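Keep the structure open beside you as you read.

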Amino acid sequence: MSVRRRLGQGLLAIACAVALPAASAPPGTAGPSGAAGGMTLRFDGVDYLHRWSKDGQNEFTPKSDPDLAKWRDMVTVNVFDAVRTGEQLAEVANKVLGNYQARGKILRTDSKPRTADRPAEHLIVAALGDPAFLEAAFARLLLVDGAGYVVVRSHRVYGKAAGPAMSDWLKANGPQVEKALMEWTQVPSRDALKRLPQGR
């Protein structure tokens, strides 16, 4: 299935949680005193502090979410150095789509075609389930300075009855989160991300 096909009618309400195996939080969680590496991202009016990085995956949460075992809001910046072309980026997008389909429900996909001054981009929005929480993931795939990036803005709601609360959050925030993600221009460079402390 290609990400170029739209799925559903926008951000749909979630009727119930999807029961899937628990996702493990990465080790090296920053303590309450602050970020692990000093980098701060400004996204949609909120500062996200660096918490953890490894193998091109870089995680940022607000000051109020220092514990990666129970965060509520996160920006993840994944860098794929080997992805150099629009075709390779589309392959990554389809892998992300398949991974999200295996873990939950796809709410929306979209693609912006390549133009003379801008490479193609892709968007995947999904609701990912776990017995302990529901997670809304907004993934933007783009090329930045010759490398593939997957930037994900995520929100979690914890508890067995997370469905209604997640539906309410998506209705209230989903369109704005998507707009902010697709318009975000302050994506950090590969070099700056590689300088961050690396987790185990």
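Strands here, like helices, are DSSP runs numbered from the N terminus, with at least two residues (E) for a strand and at least four (H or I) for a helix; two strands count as paired if DSSP finds at least two bridges between them. Tyr-48 has Pro-62 as its bridge partner in β3. The hairpin of β2 and β3 has two residues between the strands, and Asp-55 takes a positive phi near 50° there.

A word on the ground rules: this is a predicted model, in which local features need pLDDT of at least 70 and side-chain atom pairs count only at pLDDT 80 or more, while totals for chains, interfaces and linings use all residues. Residues are numbered from 1 along each chain as its sequence is written, and side-chain values use heavy atoms, with hydrogens and water left out.

Now step back to β1, which is joined to β2 (46-54) by four bridges, the two strands running antiparallel. Leu-41 has Tyr-48 as its bridge partner in β2. This pair of strands also forms a hairpin with two residues between them, and Asp-44 in the turn has a positive phi of about 50°. Asp-44 is partly exposed, with a relative accessible area of 40%; buried means under 20%, exposed over 50% and partly exposed in between, using a 1.4 Å probe and protein chains only.

A hairpin of two residues connects β6 to β7, and Asp-130 has Phe-133 as its bridge partner in β7. On to the next pairing: β7 and β8 are antiparallel too and are joined by 12 bridges, with Val-152 in β8 as the bridge partner of Ala-139. In their hairpin, which has two residues between the strands, Asp-145 takes a positive phi near 50°. Asp-145 is exposed, with a relative accessible area of 64%.

How enclosed is β7 by the rest of the structure? Largely so, because 12 of its 12 residues are buried. In a regular strand the side chains alternate between the two faces of the sheet. In β7, Phe-133, Glu-135, Ala-137, Ala-139, Leu-141 and Leu-143 point one way, while Leu-134, Ala-136, Phe-138, Arg-140, Leu-142 and Val-144 point the other way, and all are buried.

Take Ala-137 as a close-up. Ala-137 counts as buried at 1% relative accessibility. Leaving aside neighbours within four places in sequence, Ala-137 is in contact (heavy atoms within 4.5 Å) with residues including Tyr-100, Ile-124, Val-125 and Val-152.

What does the largest nonpolar core contain? It has 34 residues, and those with the most contacts inside it are Leu-41, Phe-60, Val-77, Phe-138, Tyr-149, Val-151 and Leu-193. A nonpolar core is a set of buried Ala, Val, Leu, Ile, Met, Phe, Trp, Tyr and Cys residues joined through side-chain atoms within 4.5 Å. Elements that each supply at least two residues include β1 (40-43), β7 (133-144), β8 (147-158) and α2 (162-183). The largest share, eight residues, comes from α2. Apart from this core lies another, of 17 residues, among them Leu-89, Ala-93, Tyr-100 and Val-150.

Finally, look at the rings. A search of the whole structure finds four aromatic pairs, where rings of Phe, Tyr and Trp (its six-membered ring) pair if their centres lie within 6.5 Å, and planes under 30 degrees apart count as stacked, over 60 as edge-to-face and the rest as tilted. The rings of Phe-43 and Tyr-48 have centres 6.3 Å apart and planes at 80°, so this pair is edge-to-face. Both Phe-43 and Tyr-48 are buried. Phe-138 and Trp-169 form another edge-to-face pair, at 6.3 Å centre to centre and 65° between the planes. Phe-138 lies in strand β7 and Trp-169 in helix α2, so this pair ties together parts that are 31 residues apart in sequence.
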